[in-house]
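Student: Could you take me through some features of this model and show me how each one is read?
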Amino acid sequence: MRYVSTRGLAPVRDFAGVLLAGLAEDGGLYVPETWPSLAPAEWRALRGLPYADLAARVMAPFTEGSLAPEALQGICREAYAGFGHPAVAPLVQLEHDLFLCELFHGPTLAFKDMAMQVLGRLFDAVLTAQDRRVTIVGATSGDTGSAAIEACRDRARVDIVILHPEGRTSEVQRRQMTTVLSPNVGNLAVAGTFDDCQDLVKAMFADVPFRAEMGLSAVNSINWARIAAQIPYYVASALALGAPDREVAFAVPTGNFGNVLAAWAARRMGLPVRALIVGSNRNDILARFLAANDMSVRAVAPSLSPSMDIQVSSNFERLLFELLGRDGALTDATMKGFRAGGRMEVPAAAWREATALFSGFSLDDDGTLAEIRRLHDACGYLADPHSAVGIAAARAWLGRAREGVPVVAMATAHPAKFPDAIAAAVGLRPALPARLADLYERPERYRSVPRDLAAVEQLVRATARRNAG
Ligand SMILES: *Cc1c(COP(=O)(O)O)cnc(C)c1O
């Protein structure tokens with residue numbers, strides 16, 4: 001499989017190349033040169049497979065040429081073996097035609113693990129084949145750091161150093177990172193804000209000699225491999241509900257547009273998907289776009305669903321590229337205009353094509369708490385604030401009476417990650433799953449560091465040396 005950039009100017013790469021490159025040199029995002037497509041009989045042949053095996057089969061066309069199918073299968077089996085539920089991504093029925101796909105049974109209790117656990121192992125496989133090492137650096141305000149650390153811990157070819165703002169993450173979030181004592185993991189508590197941490201990471205990438213010395217890399221949400229690893233759960237849940245002989249719809253609580261883009265990709269591969277319902281919190285740029293072709297940036301406002309507090313959804317560029325007929329120059333001009341003017345000009349025909357499939361929905365914090373309460377009263381289910389937005393979006397769509405099409409809402413975080421919101425909604429605090437119950441007793445390891453590039457680079461070097469030696 002070959003990959004092209006959405007801006008049309010970066011070199012064409014294979015899967016290993018796009019995995020290691022992340023962002024393309026022309027500022028674009030990598031997408032498959034042609035989309036694989038499965039016939040109905042091929043979808044049917046996937047029914048009943050254990051999740052890890054299904055995932056390997058669905059991902060195989062994307063890794064072709066870089067990884068043997070058996071190696072991919074081994075990676076998927078290992079990646080999902082540590083999940084806290086034997087079905088990996090179980091379906092839960094909430095109402096007659098409303099289902100939940102629980103994506104939060106991984107090590108950090110959020111859906112990022114579904115892709116990240118595969119990604120870390122893919123890095124190892126590809127780097128071993130090329131006899132290389134990389135050092136992953138990243139900044140986190142909380143959740144993405146722990147998913148990246150869990151993905152990279154104990155990997156032979158990867159070191160990882162995550163910067164967090166000292167004293168500004170929740171204790172659960174900090175402990176999920178700092179109690180990982182693997183030699184290839186470094187945690188730096190920076191005296192500063194999340195923005196300071198991000199600036200330090202950018203400065204490390206801009207320090208060309210250091211970047212080359214360390215083989216710096218990132219695992220951010222624009223990496224194509226993360227999208228590829230998110231396609232299988234859409235396939236698995238659709239097959240369980242009768243696809244390819246029956247249509248389904250998906251409702252996805254959305255931030256960077258990565259999760260819902262994977263649903264779009266599953267449809268592009270031939271899965272019968274009637275509708276994609278995008279759930280937003282009060283940061284509703286995508287809902288405004290889908291309602292009225294108004295993609296205009298406003299200030300980010302904090303909400304109960306922090307992983308969706310985003311105004312510019314980076315993965316939207318991949319959909320835009322398709323809507324614009326895969327015209328890289330036009331995508332480039334549209335994105336540059338968006339960055340410069342804060343408003344995206346999407347041609348009317350492209351917008352109409354998008355709205356034929358996608359619908360948007362937004363919910364404020366009061367509505368989110370009400371949805372958590374309603375669900376708990378109706379069937380005893382506890383949904384986290386992100387998942388609640390998706391469920392409310394699904395119900396709104398079902399309310400417009402499209403009979404016979406079941407909706408699967410994506411549950412993206414475990415309720416115990418957001419105990420304050422749950423307590424505000426229903427007056428009880430959900431317990432952490434048993435495998436994390438001793439989190440508060442585990443020893444921590446991290447280094448406090450001033451907001452100083454040289455000091456940070458020195459500690460990154462020390463972490464990388466500790467592992468390579
Ligand atoms: C990252 C995240 C999202 C948003 O997913 P995108 O792929 O960025 O749209 C939603 N919910 C939770 C809990 C997340 O961690």
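Student: In which loop does Val88 lie?

Tutor: Helices (H or I, at least four residues) and strands (E, at least two) are DSSP runs, numbered from the N terminus. Val88 sits in the loop between α4 (69-81) and β4 (91-95), and Val88 has a positive phi of about 65° although it is not a glycine. This is a predicted model, in which local features need pLDDT of at least 70, side-chain atom pairs count only at pLDDT 80 or more, and totals for chains, interfaces and linings use all residues. Residues are numbered from 1 along each chain as its sequence is written, and side-chain values use heavy atoms, with hydrogens and water left out.

Student: What joins Ala243 and Pro244?

Tutor: A cis peptide bond does, with omega about 5°; Pro244 belongs to the loop between α11 (231-240) and β10 (248-253).

Student: How do α14 and α15 pack?

Tutor: Two packed helices are described by the angle between their axes and the distance between the axes. Here helix α14 (residues 316-323) and helix α15 (residues 328-341) pack at an angle of about 135°, their axes being 9 Å apart, where axes are lines fitted to C-alpha atoms, for helices over the stretch in contact, and angles run from 0 to 180 degrees between N-to-C directions. That makes α14 oblique to α15, since angles under 35 degrees count as roughly parallel, over 145 as roughly antiparallel, 65 to 115 as roughly perpendicular and the rest as oblique.
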